[in-house]
Amino acid sequence: MQRITILMLTILGSFLTKELTAQSAGGYQTPPKAIADLIDAAPTPGISLSPDHQWMLQMERPSLPSIEEVAQEELRLAGIRINPRTNGASRSSYYIGLMLRSMQSKKFEPTAISGLPENARIENVSWSPDGSTIAFLNTVTDGIELWAIDVKTARARRLTGAVVNDALRSPYTWFSDGKTLIYKQIPNTRGPVPQKPTIPAGPTIQVNDGVAAPVRTYQDLLNNKFDETLFEYFTTATLTVLDLATGKESPFATGIFSSVSPSPDGNYVLISEVKKPFSYIVPYYRFPSTVTIYDRSGKIIRQVANLPAAENIPTGFGAVAEGPRSFTWRSDKPASLYWVEAQDGGDPKKEAAIRDKMFHLEAPFSGKPVEGITFSLRYGGVTWGNDNLALAYENWWSTRREITRRWQPGNAAAAPEVLFDRSSEDRYNDPGNFETKRNQFGEYVLMTADNGQTLFLTGQGASPEGNRPFVDKFNLKAKKTERLWRSEAPYYESPVSILDESKGIVLTQREANYEPPNFFLRNVKNGSLTQVTYFPNPFESLKGVSKELIKFKRADGLEMTGTLYLPANYNKEKDGRLPVLMWAYPREYKSADAAGQVTGSPYSFIRTSWASPVLWVTQGYAVFDNVAMPVIGEGEEEPNEKFVEQLRANAEAAINTIVEMGVGDRDRIGVGGHSYGAFMTANLLAHTDLFAAGIARSGAYNRTLTPFGFQAEERTYWETPETYYKMSPFNFADKIKEPMLLIHGEADNNSGTFPIQSERMYAAMKGHGATVRLVMLPGESHGYRAKESIMHMAWEMDQWLDKFVKQAEAKP
């Protein structure tokens, strides 16, 4: 008996040793050096212009964070994620350094800023309205501090301790004087973090009394009373007015504030405050709330709205809540408040001549709201100019129609004039966006010339040759544009800001295939060009890689495009056909003409990122990126009625093109995508035999888990169950015969792409004997952040492609 026991222990010990060895041999892996170096390349700095355009702030980005940073404790409450140690967002990006460049100097050399915090983690950078000061937040171990930079002296100083509450973002805002701001402070009276009860007080119960409350699939919602307690604890803040000159702080109000907006003259503050009861089915921004006007001292002037929880908004993309919404101060007036209210119950399915109506109140806000213009489509915003000029926007999703009208806010008798009435899908005829500039309040208003008769437009300039950004003049009277400048080959150059409309000076960002993006001053009148920044190329190893915009046709004649990258020094006659990685993301259209329009530019910089398939051009693959995957439904037909059939047609056309070019090997083509691209990948493997293997990152595969709509699908599962069934590759897991790599972040917070989607897809494929691998990345959300995670993701993809694509045998 003793000998049997010893034998069993020996066998068990041997088994445990093997298990531990197998586990220790795992862990995070690293891809080939060429890929790792590109992933780890130094990021290009960001920039921000001062309101008067005299200064450029250069903001240095860090390299990828470590898994230790990404895996820090976080609370997932009411649609937000909070770092309990700092009382801020747990997954925010930040800068590690700042420099100033004078836009008036000849060499634009950067000036160092003294006094910046050590080991800086800088966020929420904001210029004061007068451009004299730059405010920013700095995250430290136990909280968040508020800092300011004096632009004239280029010196930074700390304004507060680690007391800023950034749980709901928008932690501070400037008053128009540029010397005062109001910020959210952790209440002085707040006690220790609440502890979860060890014994439940009772069940969690939700009740609905016969009222329809369809909601999309949100993540990180409240689940119980303790979640409510934590949410209230971390989001409650004391609004505090801070005088930068004296350092004096004045408490203003305490509550859960989702937005804080001073009036242009700084005499009033509009505050949106979250109220109880909290909801368990929608995020915090749809909780009950009040909208209230305060004076500068914190006295309540008027409550403008008392809104219930927005749980019962109708379905559809044109659906909105009833009651006042979209509050905005009029930018060109001292204190004039505007908002809109739905006239159709917020239901896009109802027939209505008027969808929305605008209202406004003037200081001192004691009268009855004044009715304003109406909208036949859904309100989309307004750009202010003056009493004689404002632009109002409206749109309707189901028809993709959008209207821009000129409106005279100071003349109620004047009917609005339509400037543009177009399809939002039609990129070739997109007039662009109207340019704005700061006014005396530091607010943005329309940029005008010729006594207000000329406006300025900038846009991407989509064309059959690819995007060619532009600057136009627009004559209000004639309603016609005049082109001032357009990007020319072999460069891709886009306007960032019109600095001086009278002299024609525009700040642009210019790049070419092998020239990284840098900023230039372009005179659109005389054509002169002056370089401002000289950022180096972070991707030198990609020099020699070829990039080509490929145009091809689907079997039904639909025009399509994709960008083909070939390895450096590739010679078709010498090197022969290559293995191919095809990467795509489906998009829905209501017009075949719009679906066939060219996107992107053949002259943009050859860049990559952790998410880009271009990394694999270094490993001998032809990479067919951004391959058009249009899904079209014209007239009364919805695009998704033929989703699978159109995916197949798209993929066949793309494959035939690269094979006929003599570049791609038909038997060695892999397909992949992220999010909806992963959904596409699984469908292509389930319904075609076109690919050697697939890679699906952070996707959703069972549409019954998103029953109230997904992506551009407005209809619910119960309205069109057959569509949901046919579009779900989970239902056809038994048909997938090609190897599929599934990758997913364990903490995915994207609506609809719960980690369980990949887990269940893996289980379904495994249950039918498929070749499948599931990789769950700890601590990662929908987009991956940690260096270790991203390197491992690239390693997994490289191993998969090498084994199942590059070394794939010819199909019989």
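A cavity, as I use the word here, is a set of grid points where a 1.4 Å probe fits but cannot get out. I kept in mind throughout that this is a predicted model.

I looked for cavities of 30 Å³ or more and found that the structure holds 1. I noted about 90 Å³ of space in the largest cavity. I then looked up its lining, which takes in Trp397, Ser398 and Arg400, then Glu588 and Lys590, then Glu638, Pro639 and Asn640, and finally Ala712, Glu713 and Glu714. Sorting these lining residues by class, I recorded 6 charged, 3 nonpolar and 2 polar.

I turned to helix α7 (residues 643-660) and helix α8 (residues 676-687), whose axes come within 10 Å and cross at roughly 85°. On the α7 side I listed Phe643, Val644, Leu647, Arg648 and Ala651 as making the contact, and on the α8 side Tyr676, Phe679, Met680, Asn683, Leu684 and His687. By class, I recorded 8 nonpolar, 2 polar and 1 charged residues in the contact of α7 with α8.

I traced an open sheet of 4 strands in the order β20-β21-β22-β23, with antiparallel pairing. Because β20 (324-329) and β23 (370-375) stand at the edges with a single partner strand each, I noted that one side of each is left without a neighbour in the sheet. For β20 I followed the antiparallel pairing with strand β21 (residues 336-342), which runs over 4 bridges, and I found tyrosine 338 in β21 as the bridge partner of threonine 328.

Terms used. Residues numbered from 1 in each chain as written. Predicted model: local features only at pLDDT ≥ 70, side-chain atom pairs only at ≥ 80, totals over all residues. Heavy atoms only, no water. 1 Å grid on protein atoms, 1.4 Å probe; cavity = no way out; pocket = protein on both sides within 12 Å on 5 of 7 lines; lining within 4 Å. Points joined across faces, edges and corners; volume = space filled by probe spheres on them. Nonpolar A, V, L, I, M, F, W, Y, C, P; charged D, E, K, R; others polar. Axes fitted to C-alpha atoms, helices over the stretch in contact; angles between N-to-C directions. Helix = DSSP H or I, 4+ residues; strand = E, 2+ residues; numbered from the N terminus. Contact = heavy atoms within 4.5 Å. Pairing = 2+ DSSP bridges.
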